[in-house]
Amino acid sequence: MSVCERELADEVEGNLSMKKDKLSSIATVRCQAAEGNDDSIARLHDVILRDLHCEVARRLEANDHTEVSAASLIQGLYVRFEAAHSLDDWATKRDFYCVVVSVVASTLLEHYHARSLAVSSADQCLHPLDYTLNQIEMLNGFDFQKLYNALVTLELNAPRQYTILALRILAGMSLEHTAAVLEISKASVERDWRLARAKLHRDLWNQTYDATATQ
């Protein structure tokens with residue numbers, strides 16, 4: 001591993017270990033605590049965070065410059081988690097995805113700030129998470145910090161709408177897949193998806209939005 005890549009690996013390790021309490025989903029933790037399962041959700045968070053760190057470190061060490069979307073990163077985490085930890089014995093798909101979207105979003109925010117503080121150079125290595133951030137910003141047309149802040153606000157005020165929005169724009173799930181994971185009807189997902197996007201749009205652009213659109 002080159003000096004540049006080692007520095008980036010150290011950056012990732014440091015960022016992922018900072019402010020651990022900020023990396024959990026407020027809505028999910030609240031729900032699990034109410035059911036008496038707050039310990040299991042904390043352990044689930046730790047496992048996902050560790051697996052994410054290992055995947056980023058692997059890409060750095062392998063000098064893997066393949067572009068990776070948030071959706072493919074999350075799906076890869078799910079496949080590895082299910083194979084290694086057995087979802088049936090520990091958590092449901094809903095548990096996993098509710099936590100993983102928050103872990104990935106917060107990890108991306110940490111890298112976003114680290115990247116903004118770094119001194120750029122002509123021979124600077126491109127971090128794997130740079131691809132992910134760039135794609136999210138390009139597809140959605142706004143800065144990741146603004147998106148993250150809007151998601152936090154939505155999570156505090158409308159947890160289920162937040163979860164649906166995060167699963168759709170970060171995990172890349174279809175309406176049908178989202179409904180299956182959350183074990184609710186597709187009609188409910190469509191309704192909350194429209195409402196969540198309208199709220200997000202108002203927060204980001206202070207504009208009205210067509211809440212009847214489903215795409």
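A crossing of two helices is left-handed if the near helix is turned anticlockwise from the far one by less than a right angle, and right-handed if clockwise. I kept that at hand for this predicted model, where local features need pLDDT of at least 70, side-chain atom pairs count only at pLDDT 80 or more, and totals for chains, interfaces and linings use all residues. I counted residues from 1 along each chain as its sequence is written, and side-chain values use heavy atoms, without hydrogens and water.

**Helix H11**

I started with H11, residues 186-205; helices here are DSSP runs (H or I, at least four residues), numbered from the N terminus. I checked its length: at 1.5 Å times one less than its number of residues, the 20 residues should span 28 Å, and the end C-alpha atoms are 28 Å apart, so the two agree. I then looked for buried residues (under 20% relative accessible area, 1.4 Å probe, protein chains only), and found Trp193, Arg197 and His201 among them. The buried residues of H11 pack against H8 (144-157), H9 (159-169) and H10 (175-182).

**H8 against H11**

How do H8 and H11 cross, left-handed or right-handed? I found the crossing to be right-handed. On the H8 side, the contact (heavy atoms within 4.5 Å) includes Leu147, Ala150 and Leu154, and on the H11 side Ala196, Leu200 and Leu204. By class, I noted 7 nonpolar, 1 polar and 3 charged residues in this contact.

**Helix H7**

I turned last to H7, residues 128-140. Its buried residues include Pro128, Tyr131 and Ile136. Glycine 141 follows H7, with a positive phi near 80°.

Terms used: Helix = DSSP H or I, 4+ residues; strand = E, 2+ residues; numbered from the N terminus. Buried < 20%, exposed > 50% of the residue type's maximum accessible area, 1.4 Å probe, protein only. Nonpolar A, V, L, I, M, F, W, Y, C, P; charged D, E, K, R; others polar.
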